[in-house]
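Please find below a colleague's note on the two-chain model under discussion.

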Amino acid sequence: MTLFRSFRSTALAASLALGFTLPNVASALADEQHFPLQSYRVGPYAAGGTGFFGGFIDYLNLINTRDGGVNGVKLTWSEGETQYEVERGVEAYERLKSNPGVAAWNPLSVGIAYAMIDRITQDKTPLITINHGRTDSTDGRVFPYVFPLLLNPYSETSGIVNYIGSKEGGLESLKGKKIVVLYHGSPYGKETIPIYELLAKKYGFEVQQIEVPHPGNEQQAQWLTIRRAKPDYVVLRGWGVMNPVALKTAAKTGFPVDRIIGNVWSNSEEDVIPAGDAAKGYTAITTQASGAEYPVVKEIVKTLYDQGKGNLDDKKRIGSVYHNLGIVNGILNVEAIRIAQQKFGKRTLTGDEVRWGFEHLQLDQARVEALGAKDLFHSIHVTWDNHEGNGYVTFQQWDGAKWKVVSDWIAPDWALLRPIIEKSSEAYAKEKGIKIRTAADVDTVTN
Amino acid sequence: MTGFDWLFFTEVLVGGLLSGVMYSLVAIGFVLIYKTSGVLNFAQGAMLLFAALTFVSLTERGINFPLAFVITFAIMVALGIAIERAVLRPLVNKPPITLFMATLGLSYVLEGAAQLVWGTQVHGLDLGIEDLPFDIGGVFISQFDIFAAAVALGLVVALSLFFRYTRIGLGFRAVADDQFAALAVGLKLNWIWASVWAAAGLVALVAGLLWGARSGVQFSLSLIVLKALPVLVLGGFDSILGAIVGGLLVGATEKLAEVYIGEYFGGGIESWFAYAVALVFLLIRPAGLFGQKLVERV
């Protein structure tokens with residue numbers, strides 16, 4: 001696939017060099033839509049990378065194999081290894097963007113995503129940061145090409161606080177409680193510091209935020225501090241090795257695991273299995289359920305894995321948290337293309353046309369069910385100015401062998417968060433000299 | 001000092017000392033190689049990852065614990081010999097920086113090879129030792145940390161006896177003192193280097209199992225080297241006793257600093273605090289606490 005793509009781009013570059021006129025790349029390649037993937041299959045975060053990109057590719061492959069593509073437009077992809085390093089991610093961007101018919105970028109890395117914002121804005125191609133990224137990119141008025149789909153960090157924080165409130169008998173019961181946030185020492189980890197402070201003030205609980213330096217393989221000092229603080233709950237905002245070490249150190253210092261709530265990057269099998277018994281009873285937020293019982297996952301197994309065409313090397317990982325996140329990400333990308341095709345035609349779309357598709361990505365529960373994803377994720381309602389799309393969250397508990405859903409779908413407090421997001425995005429717009437978009441700008445699309 | 005919580009202070013101190021022992025385990029691997037060849041082996045962390053990943057992958061394929069240990073050790077010995085043949089032998093008499101750069105490259109090769117052979121998945125590792133606390137006079141101490149400290153102590157005693165009383169151990173010391181003199185009396189330098197890399201492989205295996213049981217067997221094990229470097233600066237690059245004392249000092253100071261002064265720096269200071277201490281120490285005592293002072297004719 002990669003060789004073929006690279007041959008074709010070389011051929012295209014050669015044609016341009018020879019002076020051939022290609023009036024419209026889209027019409028020249030009317031039957032393919034391309035996903036350049038800045039994946040990470042080796043390095044410290046390879047476990048997450050192989051799961052997510054494996055799920056994403058599996059879904060694209062399912063659409064090609066089962067449906068012959070999206071309305072006849074075949075989906076293609078090529079991978080550039082980043083090892084989760086920003087400079088490699090940017091290099092991969094520059095190398096892969098020459099592929100014709102690029103639909104969207106999905107780096108699954110906060111650092112790489114930050115480094116790409118100016119580039120993708122200039123190139124007019126969507127950047128998808130499902131469940132992560134900078135919170136204020138939710139504001140489509142300022143960030144037309146960035147989509148933190150389903151859950152931005154502030155919504156995640158609100159969802160966690162709402163869940164803790166529900167465990168305590170209502171948000172009003174949070175008054176006088178104490179919550180410690182144990183966060184990864186990185187821009188990702190620090191992103192939610194102000195929102196926890198804000199929610200603490202609003203609901204009257206005390207919050208103490210403690211940093212764990214990267215990578216987090218030693219946390220004795222932090223957990224002794226926590227034990228002395230005697231909090232009611234600890235929110236684990238970790239990443240990679242920090243998560244199992246946190247759970248093990250909590251057990252070692254006598255903090256009860258059922259009082260630890262993990263964030264969306266502390267919710268995978270890779271976070272709990274290394275912790276062994278110390279993880280039993282641990283609860284974490286998620287936007288998508290894990291498990292292979294969902295129709296879309298079953299179809300992937302039947303259509304791909306049973307035919308030896310699946311992307312994961314280890315079939316035991318089918319339906320894992322990262323694999324299912326990749327599948328959901330695939331659904332959202334494919335549906336955005338399908339929606340955009342309804343407006344622009346059943347052909348290869350430009351990046352800006354796909355952006356329009358994302359800005360109209362509205363999948364209610366009936367549509368989610370029709371896609372075979374009922375209960376895998378709730379719904380999404382993206383608009384031109386709300387690029388997160390009001391994703392719902394749920395909570396899952398690790399029983400030592402698998403995750404089990406322990407809550408209903410919960411809505412974060414979007415109304416509370418929106419003014420804070422707008423304040424931040426408007427400051428960004430001012431700093432960068434960006435003209436704030438209006439609804440009238442949405443349909444202005446570059447071909 | 002009214003109100004100062006001495007019990008808590010003791011708990012942080014003891015926890016720090018026990019963490020320091022874990023750092024020492026990694027540092028000993030560095031010392032072994034530096035002592036005999038003058039090479040700072042940056043690949044020690046990658047060797048640790050390779051050993052732990054090999055061991056856990058073998059046990060997951062149904063091989064029992066002792067056999068998996070023996071097989072992994074044999075692989076580490078073979079790896080040691082291969083490194084000597086392919087990397088060190090062609091670089092004999094090259095400047096130390098060349099050898100250091102070679103080990104830096106080697107670390108990337110080993111990390112890649114480990115993931116290529118055994119995959120990228122994260123593994124749990126249960127050594128059968130509970131990582132739960134027990135209460136001694138109000139101070140919580142982890143059983144696992146006590147076990148790790150005992151293993152480290154056993155390793156230090158074994159290595160000390162080995163260096164002092166065995167023929168090959170004395171050969172190591174002779175090479176460490178003067179390579180040319182050792183060659184002149186008939187010691188086989190290549191064989192000694194291969195042996196010492198194999199010994200470092202054993203240390204990497206032991207350290208890898210203990211760290212792997214604590215944090216899971218995953219790529220980040222190779223980053224443990226970053227914890228060992230200040231230990232070496234404090235204790236000396238060529239002293240096993242120094243690695244232990246340096247580890248204890250680093251563990252205790254970084255934990256106490258994190259708890260008591262961390263908030264004044266915004267928290268998360270333990271990642272750099274040990275390096276700051278090591279830097280100050282370098283200015284005062286460049287050879288470390290127990291390192292050999294080099295006097296060279298110029």
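The points below take up the domains, the cores, the chain contacts and selected elements in turn.

1. Basis of the note. The model is predicted, so local features need pLDDT of at least 70 and side-chain atom pairs count only at pLDDT 80 or more, while totals for chains, interfaces and linings use all residues. Residues are numbered from 1 along each chain as its sequence is written, and chains are lettered from A and ligands numbered from 1 in the order in which they are written.

2. Domains of chain A. The assignment gives domain 1 (2-151 + 290-381 + 422-441) and domain 2 (154-286 + 396-412); such bounds come from an automatic or database domain assignment. The centres of the two domains, taken over C-alpha atoms, are separated by 30 Å. In contact across the boundary are 13 residues of domain 1 and 16 residues of domain 2, a contact being a pair of C-beta atoms, placed from the backbone, within 7 Å. On the domain 1 side, H3 and H13 of chain A each give two or more residues; helices (H or I, at least four residues) and strands (E, at least two) are DSSP runs numbered from the N terminus. That side has seven nonpolar, six polar and no charged residues. Here Ala, Val, Leu, Ile, Met, Phe, Trp, Tyr, Cys and Pro count as nonpolar, Asp, Glu, Lys and Arg as charged, and the others, Gly among them, as polar.

3. Cores. The largest nonpolar core has 125 residues, and A:Leu127, A:Leu182, A:Leu247 and A:Ile261 have the most contacts inside it. Helix H13 (residues 321-344) of chain A gives the most to this core, with twelve residues. Because domain 1 and domain 2 of chain A both give residues to it, this core lies between them. A second, separate core of 90 residues includes B:Ala43, B:Val206, B:Leu221 and B:Ala257. A nonpolar core is a set of buried Ala, Val, Leu, Ile, Met, Phe, Trp, Tyr and Cys residues joined through C-beta atoms within 7 Å; a residue is buried if 20 or more other C-beta atoms lie within 10 Å of its own, exposed if 12 or fewer, and partly exposed in between, with C-beta atoms placed from the backbone.

4. A:Trp356. This residue lies in helix H14 (residues 351-358) of chain A. A:Trp356 counts as buried because it has 23 C-beta neighbours inside 10 Å. Beyond its neighbours within four places in sequence, A:Trp356 is in contact with A:Ala340, A:Lys343 and A:Val445.

5. Contact between the chains. In all, 36 residues of chain A are in contact with 35 residues of chain B. On the chain A side, the elements giving two or more residues are helix H3 (46-67), strand S6 (206-212), helix H9 (220-229) and helix H10 (242-252). By class, this side has 17 nonpolar, ten polar and nine charged residues.

6. Helix H4 of chain B. The 23 residues of helix H4 (residues 96-118) should span 33 Å at 1.5 Å a residue, and the end C-alpha atoms are 32 Å apart, which agrees; the expected span is 1.5 Å times one less than the number of residues. Among the buried residues of H4(B) are B:Leu99, B:Thr103 and B:Glu111. The buried residues of H4(B) pack against helix H2 (44-60) and helix H3 (65-88) of chain B. B:Gly119, whose phi is positive, near 90°, follows H4(B).

Conventions:
Two residues are in contact if their C-beta atoms, placed from the backbone, lie within 7 Å.
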